[in-house]
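Biologist: I'd like to go through this one with you and ask what stands behind each label. Could you set the values against the definitions as we go?

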Amino acid sequence: RLSFLQVLGKAWNEHGKLKAHGGSGLGCAVLCLDLDHFKGVNDSLGHPIGDALLVQAATRLRDCVGAQGLVSRLGGDEFAVVIAPSPGAEALGALAMAIVDTLSDPYDVRGHNVLIGASVGIAVAPFDADDPDGLLKNADLALYRAKGDGRGAYRFFETAMDVWAQERRALE
């Protein structure tokens with residue numbers, strides 16, 4: 001997590017700021033993702049199988065992202081990717097779909113055939129946040145929208161997502 005935050009801070013400083021504020025203007029992106037139906041694997045097959053599945057999923061994710069960015073496990077079945085500079089919305093969407101497809105392929109984990117999926121949320125600087133923490137938060141909000149829309153999908157952050165989250169928090 002610390003390495004991820006350091007890389008995100010560096011990406012923000014080099015690419016996430018607008019040119020007027022010392023950045024390159026190219027932007028950087030954060031993809032937040034988690035594994036769909038992972039809890040069921042831990043519950044039915046046990047934590048050692050779940051841990052082995054996490055290792056396989058992380059390897060697939062690293063292979064899918066390649067040299068474009070840094071892959072980090074944030075905790076549990078949650079991962080994040082920093083891409084700097086941003087290749088643009090179309091390429092980010094294609095990468096997110098490739099991640100969903102790759103992580104949804106069947107796994108052989110210690111003799112168990114395991115099927116899970118993935119959902120991805122994307123936020124792009126400097127448009128979606130004012131700082132690195134906000135970028136991560138907004139990518140996470142987009143992830144929850146992807147999960148809410150049926151899982152196995154990706155969503156880009158939209159301002160309405162933050163408004164919805166603030167209204168929900170106020171209601172709670």
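Modeller: Gladly! Let's start with Lys39 and Asp43, which are both exposed; exposed means over 50% relative accessible area, buried under 20%, and partly exposed in between, with a 1.4 Å probe and protein chains only. Residue numbers count from 1 along each chain as its sequence is written, and this is a predicted model, where local features need pLDDT of at least 70, side-chain atom pairs count only at pLDDT 80 or more, and totals for chains, interfaces and linings use all residues. Side-chain values use heavy atoms, with hydrogens and water left out.

Biologist: What makes Lys39 and Asp43 a salt bridge?

Modeller: Their closest N and O atoms are 2.7 Å apart. A salt bridge is a side-chain nitrogen of Lys or Arg within 4 Å of a carboxyl oxygen of Asp or Glu, so the pair qualifies. Both residues lie in helix H2 (residues 38–45), 4 residues apart, about one turn of the helix. Helices are DSSP runs of H or I with at least four residues, strands are runs of E with at least two, and both are numbered from the N terminus.

Biologist: How many salt bridges does this rule give?

Modeller: The count comes to 6. Among them is Glu14 with Lys10, at 3.5 Å from N to O. Those two are 4 residues apart in helix H1 (residues 2–16), which means that about one helical turn separates them. Glu14, at 39% relative accessibility, is called partly exposed.

Biologist: Why is Asp36 called buried?

Modeller: Because its relative accessibility is 2%, under the 20% limit. Asp36 also forms a salt bridge with Arg151, the closest N and O atoms being 3.7 Å apart. Asp36 sits in strand S1 and Arg151 in the loop between helix H5 (132–148) and strand S7 (154–156), so the pair ties together parts that are 115 residues apart in sequence. At 37%, Arg151 counts as partly exposed. Asp34, Asp36, Lys147 and Arg151 are linked in a network of salt bridges.

Biologist: Which strand pairs with S1 over 9 bridges?

Modeller: That is S6 (residues 117–125), which runs antiparallel to S1. Leu31 stands opposite Ile122 in S6. S1 also pairs with S3 (residues 78–83), again in the antiparallel sense, over 6 bridges. In S3, Phe79 is the bridge partner of Leu33, and Val82 stands opposite Val30.

Biologist: In what order do the strands of the sheet come?

Modeller: The order is S2-S3-S1-S6-S7, 5 strands in an open sheet with mixed pairing. S2 (69–75) and S7 stand at the edges with a single partner strand each, so one side of each lacks a neighbour in the sheet. Neighbouring strands are turned by 20° against each other on average, direction ignored. Helix H4 (residues 89–104) packs on the sheet, touching S1, S3, S6 and S7, and its direction makes about 160° with that of S6.

Biologist: How do you know that H2 and H3 pack, and at what angle?

Modeller: Their angle is about 145°, with the axes 7 Å apart; axes are lines fitted to C-alpha atoms, for helices over the stretch in contact, and angles run from 0 to 180 degrees between N-to-C directions. Phe38, Val41, Asn42 and Leu45 of H2 meet His47, Ile49, Gly50, Leu53 and Leu54 of H3, where contact means heavy atoms within 4.5 Å.

Biologist: What makes His37 stand out in its phi?

Modeller: Its phi is near 70°, a positive value in a residue other than glycine. Most residues other than glycine have a negative phi, and most peptide bonds are trans. His37 lies in the loop between S1 and H2, and at 54% relative accessibility it counts as exposed, being over 50%.

Biologist: And what is the omega of the bond from Ala84 to Pro85?

Modeller: Omega is near -5°, and that bond is cis; Pro85 lies in the loop between S3 and H4. The bond from Ala125 to Pro126 is also cis, with omega near 5°, and Pro126 lies in the loop between S6 and H5.

Methods:
Pairing = 2+ DSSP bridges.
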